[in-house]
Amino acid sequence: MLKIENLHVKLEEEDKVILRGVDLDIGPGQVHAIMGPNGSGKSTLSYVLSGRDGYEVTDGRALLEGEDLLEMEPEERAAAGLFLAFQYPVEIPGVGNMTFLRTAFNAQRKARGEEEISAADFLKLIRARAKDLQIDADMLKRPVNMGFSGGEKKRNEILQMAVLEPKMCILDETDSGLDVDAMKLVADGVNALRSEGRSFLVITHYQRLLNHIAPDVVHIMSAGRIVKTGGPDLALEVEENGYADILAEQA
Amino acid sequence: MPAPLKPKQEAAEARLSSATLPQGAGWITEARRAARGRLEAMGLPSRRDEYWKWTNPATLAAEEAPEAALFDGGEAPIFEAAKALVVTFVDGVFDAEASDDLALEGVEIERLADASRADIHWARDLYGRLEEAGQEPVQRPFAALNTALAPDGLVIRVTGTPSRPVELRYLHRDTRSDAMLHHVVKVEEGASLTLLESGPGAARFSTVLEVAVADRAAFHHIRAQGRDHERRTVTHAFARLGTESVFKSFTMTANGVLTRNECVIELTGDDASAHIAGAAMGDGDFHHDDTVFITHDAVNCESRQVFKKVLRNGAAGVFQGKILVKAGAQKTDGYQISQSLLLDDDSTFQAKPELEIYADDVACSHGSTTGAIDETALFYLRARGVPRAEAQDMLVLAFLAEAIEEIDDPALGEAVLDRLQGWLARRRG
């Protein structure tokens with residue numbers, strides 16, 4: 001599904017190298033987790049994949065179902081099936097949440113040469129999804145993420161994911177700022193979307209999210225590289241011993 | 001240093017002497033003569049006047065109006081769905097064929113040209129009076145010029161609550177037209193009216209609207225200034241508000257080489273409310289100026305100014321807004337926000353918010369910002385699949401939303417939003 005080869009990335013504005021040769025191969029239906037200490041490049045990886053400005057790819061490539069992701073505009077990546085659940089969902093005053101979602105939904109369909117759907121049909125679609133995530137009508141009417149609590153913002157991200165039905169979902173520290181109940185709700189939302197044709201890349205500091213979203217493969221990232229790859233047990237190891245042991249082992 | 005008076009007076013003299021003086025009965029002739037006297041004394045403005053330093057009045061003051069090419073956007077009249085009683089002026093000249101019958105329950109509508117022939121008319125107590133009062137402390141020479149020379153307009157007395165709005169539709173068909181219209185509206189106690197205005201009006205167009213809103217009366221005003229790129233417009237709205245009365249005015253402006261909208265409001269009765277809002281979008285050779293003066297002279301009144309401008313390709317925006325709270329105007333609640341969204345480095349926005357407060361128990365706030373498109377929000381929208389241009393338009397409309405929300409009637413708000421969306425979509429190519 002997503003194949004990353006030897007990805008090297010630096011900041012556009014300064015000579016700071018962040019990713020130093022990342023390799024990753026996520027198969028259809030798989031859930032991969034990336035863990036790692038602060039500053040290891042986890043979030044940068046998610047931004048580079050989704051097309052945010054400010055980064056320069058100096059080497060390597062990233063393919064989504066064989067298509068070169070890095071050549072596409074952010075909106076083209078979305079239409080191709082990539083979705084980033086933001087660590088810090090953006091507040092947009094003046095744009096209604098529902099309008100935003102419908103615009104995005106139809107823009108993606110249009111880009112794929114599919115029929116746009118009517119406001120009424122969209123309302124039906126979103127209501128069902130919103131209910132599962134305990135998102136009420138008021139939250140749908142409000143401007144995007146405005147006045148939302150941390151948990152509401154993350155639920156709203158998952159709602160967008162549920163509605164847009166991407167193939168490749170990247171969750172960037174979706175657990176940050178969530179209490180236990182909120183995390184469970186978000187994890188249930190993600191689990192409900194797991195399917196053979198949909199893959200996930202879960203970026204997190206902590207193992208606790210992975211108790212709820214069971215990964216197939218766990219990677220440890222450090223200093224811009226994947227330094228260790230293993231099964232779910234690897235996450236438990238991190239939880240117990242911290243990163244120091246693993247990193248020392250690699251050194 | 002103030003501009004020297006003599007050249008300004010000479011400019012006024014030249015302008016007045018080249019004009020055709022409208023005919024009328026004694027009362028209006030007197031009012032026009034008085035306005036002429038005011039203008040002769042103050043002269044026409046120059047760039048060196050404090051309130052004209054950001055907007056060049058030269059083409060508004062010149063004896064001859066510059067030409068303005070006609071523009072056909074191929075659009076239906078913006079407020080068509082409102083099914084208003086429509087009164088049409090073409091290049092400032094009343095068009096009977098394109099106008100509805102002026103009869104409507106709850107309101108008396110007359111042309112100024114007709115009213116001014118009557119020896120006795122209620123409009124005598126209003127025509128030029130609010131304009132005259134509005135000359136202090138800031139001079140408004142183009143309003144005095146209009147009072148002196150405008151040959152026509154509407155004279156409206158509202159006694160009830162008419163079932164539909166009244167719309168003034170201003171068409172522009174002559175590239176050299178130079179037009180003035182003067183409207184007088186008296187909203188009697190407890191009555192209410194929605195007045196719509198739309199269209200470019202003329203190559204050079206001046207309007208004055210004097211509105212007296214009596215106790216517990218309401219006046220809603222929604223205006224869409226025509227999209228002609230080369231038109232020049234100067235408008236003045238003068239309003240006096242009675243106890244518990246409501247005045248709301250919204251103006252949408254898209255295009256126009258020069259627009260100066262002045263609004264002068266006096267809250268004279270307790271518990272009155274005045275809301276003025278504007279949404280302006282300019283591309284290229286566009287200069288838009290909102291100049292507002294609100295005087296609180298009664299207890300527990302509320303005023304709100306919301307002005308938003310979206311500027312691109314070198315367009316220029318100006319906002320000069322003042323709230324004056326007189327001694328004794330306690331419990332005043334005044335709010336003012338003026339913001340611009342600059343879509344490139346060539347566009348400019350100048351703002352001068354002013355507060356002058358002589359009462360000690362008031363809440364007044366004001367703010368002014370200039371900014372670019374929020375890149376983080378733009379990326380968020382694009383990451384969800386919205387193409388860049390469309391995402392930018394969403395953010396532009398979101399920026400204008402606070403002003404558009406000042407329109408109470410949802411259908412009229414929708415009509416304005418549609419136009420703004422259309423304007424943006426055409427620029428997307």
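This is a predicted model: local features need pLDDT of at least 70, side-chain atom pairs count only at pLDDT 80 or more; totals for chains, interfaces and linings use all residues.
Which residues does A:Gly94 touch, not counting residues up to four places away in sequence?

Residues are numbered from 1 along each chain as its sequence is written, while chains are lettered from A and ligands numbered from 1 in the order in which they are written.

**View 1. An open sheet of four strands in chain A.** The order is S2-S1-S4-S5, with antiparallel pairing. Strands (E, at least two residues) and helices (H or I, at least four) are DSSP runs, numbered from the N terminus. Two strands pair if DSSP finds at least two bridges between them. S2 (17-26) and S5 (67-68) of chain A each have a single partner strand, so one side of each lacks a neighbour in the sheet.

**View 2. The pairing of S4(A) and S5(A).** Two bridges join strand S4 (residues 55-64) to S5(A) in the antiparallel sense. A:Leu63 has A:Asp68 as its bridge partner.

**View 3. A:Gly94 and its contacts.** A:Gly94 sits in strand S7 (residues 92-96) of chain A. A:Gly94 touches A:Pro143, B:Ala398, B:Phe399 and B:Ala401. Contact means C-beta atoms, placed from the backbone, within 7 Å. A:Gly94 has 19 other C-beta atoms within 10 Å, so it is partly exposed (buried: 20 or more; exposed: 12 or fewer; partly exposed: in between).

**View 4. Chain A against chain B.** The contact takes 19 residues from chain A and 16 residues from chain B. H3(A) gives the largest share of the chain A side, five residues.

Terms used:
Two residues are in contact if their C-beta atoms, placed from the backbone, lie within 7 Å.
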